[in-house]
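Please look through the predicted model below, beginning with a single side chain and the residues around it, and moving from there to the strands and the surface.

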Amino acid sequence: MYFVYFLVCLDTGRSYVGQTDHLLRRYRMHREGTTVFTRERFVRPVVAYWEILPDRAAAMRRERYYKAGGGHRRKVKILEEARRLFDE
């Protein structure tokens, strides 16, 4: 089982799309600053969305989908809704 997830920084509003086989462990890595991309860009990251996929190949395809074109537009809509929930 693999996950595709979206992180959002509560301070800056920046977002990140990733995939992993262990969502909680990966989230801890982001929070502790042990990941290269999010270490300096995400002060207070939260997981705003995740999907469960059957294998790594499917997760990698889905991650690429969310990073380009129609998937990126869908990601923006999902994150807009998540931000509204965080603001409440």
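**A lysine and its surroundings**

Leaving aside neighbours within four places in sequence, Lys-75 makes contact with Phe-6, Ser-15, Val-17 and Tyr-66. Lys-75 itself belongs to helix α4, which covers residues 69-87. Although Lys-75 is buried, no salt bridge is found for this residue, and the nearest side chain of opposite charge, that of Glu-63, is 10 Å away; a salt bridge would need a side-chain nitrogen of the lysine to be within 4 Å of a carboxyl oxygen of Asp or Glu.

Two of the strands can be followed next. Strand β1, made of residues 2-9, runs antiparallel to strand β2, and six bridges join the two. Within this pairing, Leu-7 stands opposite Tyr-16 of β2. Strand β2 spans residues 15-20 and is mostly covered, since five of its six residues are buried. In the hairpin that β1 and β2 form, five residues lie between the strands, and Gly-13 takes a positive phi near 85°.

Is Ile-52 buried or exposed? Ile-52 counts as exposed because its relative accessibility is 53%, and the cut-off for that label is over 50%.

Methods: Residues are numbered from 1 along each chain as its sequence is written. This is a predicted model: local features need pLDDT of at least 70, side-chain atom pairs count only at pLDDT 80 or more; totals for chains, interfaces and linings use all residues. Side-chain values use heavy atoms; hydrogens and water are left out. Buried means under 20% relative accessible area, exposed over 50%, partly exposed in between (1.4 Å probe, protein chains only). Helices (H or I, at least four residues) and strands (E, at least two) are DSSP runs, numbered from the N terminus. Two strands pair if DSSP finds at least two bridges between them. Lys and Arg count as positive and Asp and Glu as negative; His and the chain ends are not counted. Contact means heavy atoms within 4.5 Å.
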